[in-house]
Amino acid sequence: AAAGTSLCLLYASPLWRLGDAPGELPPLDVRQEVALLMEAIGNTIPVRVELVMVSTLTRLLTIATSEHPLVLHFSLHCGDSGQHLFFEDDCGGAHAFSLDDLRCLLSATECAERLGIVFLHACCSDLAGQEFILAGARHVICCRGAVFDATARCFTRAFYHAFYVGRKTISQAFDIAKCEIRTVPQIGLRAEAEKYILLPPGRQAHDVTYQDLMCSAPPTHGVAMSPFEECCSRLPGRVEDFCGRARDLWLMMQHIASSRRCIAVWGDAGIGKSALLAEVARFAGAPGRRLESKVAHVCLSAEDIERDLAEGSTTSGGADESPSVARLPMPAILRSLERAVGRACTDANCESSMLDDLEEASVFSTGTDARLMRVRIVQGLQRLEANGAKALLILDQIDDLLVAPLATEELRKVLMEVLLRTERVVLVLGARQAPFQALGAHKVVAFQMQPLNSTDAARLFLWRVHRPLVVADLSEIVGEAARGLPLIMNVQNRNLVLNQIANHPYLEQCAGSPGWIRAAADRVLPGGGSLWDLYHEQHPQAVAETTLRSPES
């Protein structure tokens with residue numbers, strides 16, 4: 001479909017912000033927003049999803065036609081009270097796009113007559129909305145101040161459903177959406193309706209229906225799958241309660257975008273290597289990003305490794321090899337690799353049929369089967385990197401392979417073959433120790449995982465406990481009457497409470513390890529003891545030392 005015959009959702013959810021106030025930006029649930037939009041508009045018009053970069057916006061504004069004005073839905077963050085829009089750069093970092101930058105781009109593209117509806121779905125977006133109006137946009141929806149996620153979802157769903165499915169005018173759809181917020185069950189959210197603004201002011205300017213705006217409606221299509229659903233079906237699942245790793249994600253994206261082709265993510269057990277690699281795959285392979293549909297993620301199972309090692313102990317090569325040459329074909333591991341690469345390939349049906357043919361070919365020996373799978377893995381990766389694109393192959397939990405020298409050498413050969421026969425495939429390995437310093441001529445960049453900082457450790461702990469914390473959890477000397485008082489955390493005391501939790505000995509003993517923090521939180525149960533009780537159960541000597549220091553002893 002042409003750019004103007006679809007609703008373009010332009011999103012940016014950068015990982016890290018540099019500058020005077022560096023830090024993490026809250027992630028946006030773009031997947032949910034795409035699903036909400038597609039549900040609201042039905043099959044009336046296609047939804048296109050693209051990443052907000054300067055080049056993307058410039059391209060869309062340049063190629064738009066007057067016959068089908070652009071319908072742009074922006075999902076992003078604004079900064080500095082609306083003075084900047086946060087786009088993304090090539091590595092997932094925040095690109096602060098100022099109002100002057102926006103004004104310059106709109107002027108250079110001369111897109112005034114080609115802009116239809118512009119929906120700036122971001123807090124404090126009214127200043128950017130004014131810039132679109134000054135450039136000639138006919139209908140702009142924006143927000144004055146911060147809005148809650150719940151009201152944002154409510155307004156978006158109601159507006160697009162009324163406009164596209166209900167065939168209401170823009171002004172009617174806008175009023176319907178505001179009315180829905182004013183009548184939500186949560187009374188505290190009803191005032192949020194007044195934060196939504198339709199520009200320019202005046203109802204008559206917006207008495208335009210969907211058919212009037214588009215001149216002639218494009219043909220409808222069957223219900224399509226969300227691009228996020230399609231991408232995520234090939235990628236690992238979302239890591240629940242993932243926090244404190246935004247900078248690590250951003251640094252990993254920088255390594256992947258560099259000229260290096262091998263990265264080893266390493267660290268102690270439970271430090272969060274697998275969680276980070278899963279989120280790297282999901283972030284890099286999301287719709288609109290450069291590695292969309294070009295990410296293969298494999299988390300090796302202990303069963304496959306055990307099976308291959310057991311089979312290797314009784315195998316001394318194929319029929320055409322000398323019995324004295326010990327080989328480890330690793331068919332189970334190679335099959336997992338092949339399937340992951342096949343899922344990532346665009347021609348999924350072809351990959352599936354070829355895999356079925358291979359599995360049915362029982363006449364092959366184990367060694368021949370393994371060699372064929374290695375060839376097919378390389379061919380799949382070559383297809384992924386076609387047309388000059390990069391591809392990403394993530395191989396996680398390889399530790400059990402590294403304990404056997406024969407398995408380590410066979411893995412090295414497989415990885416070196418991938419690097420030798422491809423040009424732009426980037427390998428990322430996950431293990432407790434950096435497995436290789438080099439693979440042939442390629443340096444392996446060692447990326448060591450560090451413990452979570454104290455604040456992120458406290459956040460994770462709060463998310464994972466199985467009951468609300470009470471005052472007695474933090475204060476060991478609280479009276480019996482106050483033991484059940486709930487621990488209240490709000491905007492004013494949030495940092496203080498998180499600091500108290502982070503400095504509690506029960507959490508300090510976890511040393512910032514996400515695995516240990518989750519295990520500690522799993523012991524905080526309804527009806528169980530306080531954090532101090534749990535700590536003393538693990539460290540009875542601490543009770544004795546406290547008793548000796550007590551004035552009453």
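In this report Ala, Val, Leu, Ile, Met, Phe, Trp, Tyr, Cys and Pro count as nonpolar, Asp, Glu, Lys and Arg as charged, and the others, Gly among them, as polar. The model is predicted, so local features need pLDDT of at least 70 and side-chain atom pairs count only at pLDDT 80 or more, while totals for chains, interfaces and linings use all residues. Residues are numbered from 1 along each chain as its sequence is written, and side-chain values use heavy atoms, with hydrogens and water left out.

**Cavity**

A cavity is a set of points on a 1 Å grid over the protein atoms alone where a 1.4 Å probe fits but cannot get out; lining residues have an atom within 4 Å of a point. Grid points are joined across faces, edges and corners, and the volume is the space filled by probe spheres set on the points. The structure holds 1 cavity of 30 Å³ or more, and the largest cavity has about 30 Å³ of space. Its lining consists of Cys231, Arg234, Leu235, Gly285, Ser293, Lys294 and Val295. By class, 3 of these lining residues are nonpolar, 2 polar and 2 charged.

**Parallel sheet**

Helices (H or I, at least four residues) and strands (E, at least two) are DSSP runs, numbered from the N terminus. Two strands pair if DSSP finds at least two bridges between them. An open sheet of 5 strands has the order β13-β14-β15-β12-β18, with parallel pairing. β13 (295–299) and β18 (445–448) are the edge strands; each has a single partner strand, so one side of each is left without a neighbour in the sheet. Neighbouring strands of this sheet are turned by 15 degrees against each other on average, direction ignored. Axes here are lines fitted to C-alpha atoms, for helices over the stretch in contact, and angles run from 0 to 180 degrees between N-to-C directions.

Val295, which also lines the largest cavity, stands opposite Leu392 in β14. Contact means heavy atoms within 4.5 Å. Helix α9 packs on the sheet and touches β12 (262–266), β14, β15 (425–431) and β18, its direction making about 175 degrees with that of β18. Helix α12 (residues 331–344) lies across β13 and β14 and runs at about 150 degrees to β13.

**Helix pair**

The axes of α9 (residues 246–257) and α10 (residues 273–284) come within 10 Å and cross at roughly 65 degrees. In α9, Asp248, Leu249, Met252, Met253 and Ile256 meet Leu276, Glu279, Val280, Phe283 and Ala284 of α10. This contact has 8 nonpolar, no polar and 2 charged residues.

**Antiparallel sheet**

A second open sheet, of 3 strands, has the order β6-β7-β8 and antiparallel pairing. Its edges are β6 (77–79) and β8 (94–98), each with a single partner strand, so one side of each is left without a neighbour in the sheet. The twist averages 45 degrees from one strand to the next. Gly79 has His84 in β7 as its bridge partner.

| Strand pair | Sense | Bridges |
|---|---|---|
| β13 and β14 (residues 391–396) | parallel | 5 bridges |
| β6 and β7 (residues 84–88) | antiparallel | 3 bridges |

**Backbone**

Most residues other than glycine have a negative phi, and most peptide bonds are trans. Ser81, in the loop between β6 and β7, has a positive phi near 55 degrees. The peptide bond joining Leu199 and Pro200 is cis, with omega about -5 degrees. Pro200 is in the loop between β11 (196–199) and α7 (210–214).

How values were computed: On a 1 Å grid over the protein atoms alone, a cavity is a set of points where a 1.4 Å probe fits but cannot get out, and a pocket is an open set with protein on both sides within 12 Å along at least five of seven lines; lining residues have an atom within 4 Å of a point.
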